[in-house]
Amino acid sequence: MERTVPHAVPLGQIEVFQALQRLHMTIFSQSVSPCGKFLAAGNNYGQIAIFSLSAALSSEAKEESKKPVVTFQAHDGPVYCMVSTDRHLLSAGDGEVKAWLWAEILKKGCKELWRRQPPYRTSLEVPEINALLLVPKENSLILAGGDCQLHTMDLETGTFTRALRGHTDYIHCLALRERSPEVLSGGEDGTVRLWDLRSAQEVQTIEVYKHEECSRPHNGRWIGCLATDSDWMVCGGGPALTLWHLRSSTPTTVFPMRAPQKHVTFYQDLILSAGQGRCVNQWQLSGELKAQVPGSSPGLLSLSLNQQPAAPECKVLTAAGNSCRVDVFTNLGYRAFSLSF
């Protein structure tokens, strides 16, 4: 397992260095492999660790099964986001996105396949990329982050085809409306914007913080997470976590959660959210808190649902954030165990 340590340092000091790294680690991103049996996790040191979910979930699992099968240095700075195609792991950090072949990663040959940088306004600009979103029908990838734009990249040619402009501050999150070629983006400016990918135009803007029932000025106006399901959207951050009807731009349910939420997703007839605090929150659509399931990290930044049909035995929820651990929930009721860098 590769780690970045100073050259010619005594073994004892290396162990101390690695222990300090783990102590101050933040896991920003996760992505499940196409086969559903492996999980990639990216941290604030630019490392990506690959865990074997199938080995960790086995009845014969040992403590070693919960450690990475491989760890490699992917970026110079934090790995803020990752997604997987049917062959590639795509990761992004400061200013660029990289591709890795899953088949090569699992052979422990971790050489990047390619890297791309969006066309920024100046050559000196290196904004962080906070969100990646696959658009399967277009075979494209959307990137968004510190330059306040959504960049669309053709995955076949590797070229950037358009930039969507409208946000006035950096973008935190993206979500795809699968039934129509539309993308939602949420940012530091307190807006959620809906974009039509056919016309490359912004078609709707929701200024969440201006709605009294959602507004929490003491937390700020930033939108840190969003998810969509047909005509419905849930978003949160500085404003309260809220369920919206998109067609009418109407907030229908405000969830009674004081702590800012950093990740949200629809799951069956529930909404799952996480943020400040140890718990994964399970909400009814009516706003009732069904359960709070504690994890091992003091704050959570990323939830991942493994629903790959190729590996039903690895169907789990994983949660990660302000620690070196990834919590594994084999059902939504309790944390089964933790993976660890």
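Buried residues are those with under 20% relative accessible area, exposed ones have over 50%, and partly exposed ones lie in between (1.4 Å probe, protein chains only). The model shown is predicted: local features need pLDDT of at least 70 and side-chain atom pairs count only at pLDDT 80 or more, while totals for chains, interfaces and linings use all residues. Residues are numbered from 1 along each chain as its sequence is written, and side-chain values use heavy atoms, with hydrogens and water left out.

**View A. Pro127 in the loop between β8 and β9.** This loop links β8 (114-116) to β9 (129-135); strands (E, at least two residues) and helices (H or I, at least four) are DSSP runs numbered from the N terminus. Pro127 counts as buried because its relative accessibility is 8%. Leaving aside residues up to four places away in sequence, Pro127 touches Gly93, Asp94, Gly95, Tyr120, Gly146 and Asp147, where contact means heavy atoms within 4.5 Å. Gly93 is 34 residues from Pro127 along the chain, with 8.8 Å between their C-alpha atoms.

**View B. Strand β6 and its burial.** All five residues of β6 (residues 88-92) are buried, so the strand is largely enclosed by the rest of the structure. His88, Leu90 and Ala92 are on one side, Leu89 and Ser91 on the other, and both faces are covered. In a regular strand the side chains alternate between the two faces of the sheet.

**View C. Antiparallel partners of β6.** Strands pair if DSSP finds at least two bridges between them. β5 (residues 81-84) pairs with β6 over four bridges in the antiparallel sense, and Met82 has Ser91 as its bridge partner. Five bridges join β6 to the antiparallel β7 (residues 97-101), where Lys98 is the bridge partner of Ser91.

**View D. Hairpins on either side of β6.** Three residues separate β5 from β6 in one hairpin. Four residues lie between β6 and β7 in another, and Gly95 in that turn has a positive phi of about 85 degrees.
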